[in-house]
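Reader: I have a structure open and would enjoy walking through it with you. Could we take it one question at a time?

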Amino acid sequence: VLHGFGQLTAYFIRNFASLNDGSRLIVAPEALNRFYLDNTTYHGSPQARVGATWMTREDRQAEIDDYVNYLDLLHHQIAAQLGGAKPRTVVLGFSQGVATACRWLARGTSRADTLVLWAGPMPIELDAAASAPLRPMRIIRVLGRKDQIGSPEAIRAEDARYAAMNITAELVQFDGGHEIDEAALLALRV
């Protein structure tokens, strides 16, 4: 599960507690870049809130390369610890984590059975050729009806992009906003 902009894994992973039934290994890597979330608190203060981001516009390509390599290494290390078992792999990206998940699985060496794109669009640079590694996966888009990226216009625009990439994606909507909704998560049955 890949978090969104400004989130830390310690808090983000709490969204998946209801899935932790002993039959799943839930891995929540944290983005490599941390920063202070606001400028109103002295940054050295214990009250200064910290968040993480997968990338910024500064040295963008190097940051993408770094997190693709990081996620591949982590995935391969976990696979090696499973002693040859080949479990079903589900990758869920939330918000900024959607673009991260797509870039990782399109550019890296890791593969997933299911890719859940929760509250975020496919990255703009992925075209039909670049997105080819994603096509064999079951892809599920999850959008809150109160989230601006869940508007009918945004959905139609994203549908057109998927069609141009020859990607089939299921669409699941829930009545919330830009959040991981527990009932929607459980209803995915992934």
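Reader: Which residue is the bridge partner of Ile139 in E6?

Author: Happy to start there, keeping in mind that this is a predicted model. Strand E5 covers residues 138–144 and strand E6 covers residues 169–174, and the two pair in the parallel sense over six bridges. Within that pairing, the partner of Ile139 in E6 is Ala169.

Reader: On the E4 side, which residue stands opposite Ile139?

Author: E4 and E5 also pair in the parallel sense, here over five bridges. In this pairing, the residue opposite Ile139 of E5 is Leu115.

Reader: And which residue in E4 is the bridge partner of Gly93?

Author: For this one we turn to strand E3, residues 90–94, which pairs with E4 in the parallel sense over five bridges. E3, H3 and E4 together make a right-handed β-α-β unit. The E4 partner of Gly93 is Leu117.

Reader: Is E4 largely enclosed or open, and how many of its residues are buried?

Author: In a regular strand the side chains alternate between the two faces of the sheet. Thr114, Val116 and Trp118 point one way from E4, while Leu115 and Leu117 point the other way, and all are buried. The strand, residues 114–118, is therefore largely enclosed by the rest of the structure, with a buried count of five of the five.

Reader: Are H2 and H3 roughly parallel or roughly perpendicular?

Author: Two packed helices are described by the angle between their axes and the distance between the axes. For H2 (residues 60–81) and H3 (residues 96–107), the angle is about 70° and the axes are 9 Å apart. That angle makes H2, relative to H3, roughly perpendicular.

Reader: How many nonpolar, polar and charged residues does the contact of H2 with H3 have?

Author: H2 brings Arg60, Gln61, Ile64, Asp65, Tyr67, Val68, Leu71, Asp72 and His75, and H3 brings Ala99, Thr100, Arg103, Trp104 and Arg107. Sorted by class, that gives six nonpolar, three polar and five charged.

Reader: Last one: is Arg57 buried or exposed?

Author: Arg57 lies in the loop between strand E2 (50–53) and H2. Its relative accessibility is 80%, and the cut-off is over 50%, so Arg57 counts as exposed.

Notes: Residues numbered from 1 in each chain as written. Heavy atoms only, no water. Axes fitted to C-alpha atoms, helices over the stretch in contact; angles between N-to-C directions. Helix = DSSP H or I, 4+ residues; strand = E, 2+ residues; numbered from the N terminus. Parallel < 35°, antiparallel > 145°, perpendicular 65-115°, else oblique. Contact = heavy atoms within 4.5 Å. Nonpolar A, V, L, I, M, F, W, Y, C, P; charged D, E, K, R; others polar. Pairing = 2+ DSSP bridges. Buried < 20%, exposed > 50% of the residue type's maximum accessible area, 1.4 Å probe, protein only. Right-handed = clockwise from strand over helix to strand, strands pointing away.
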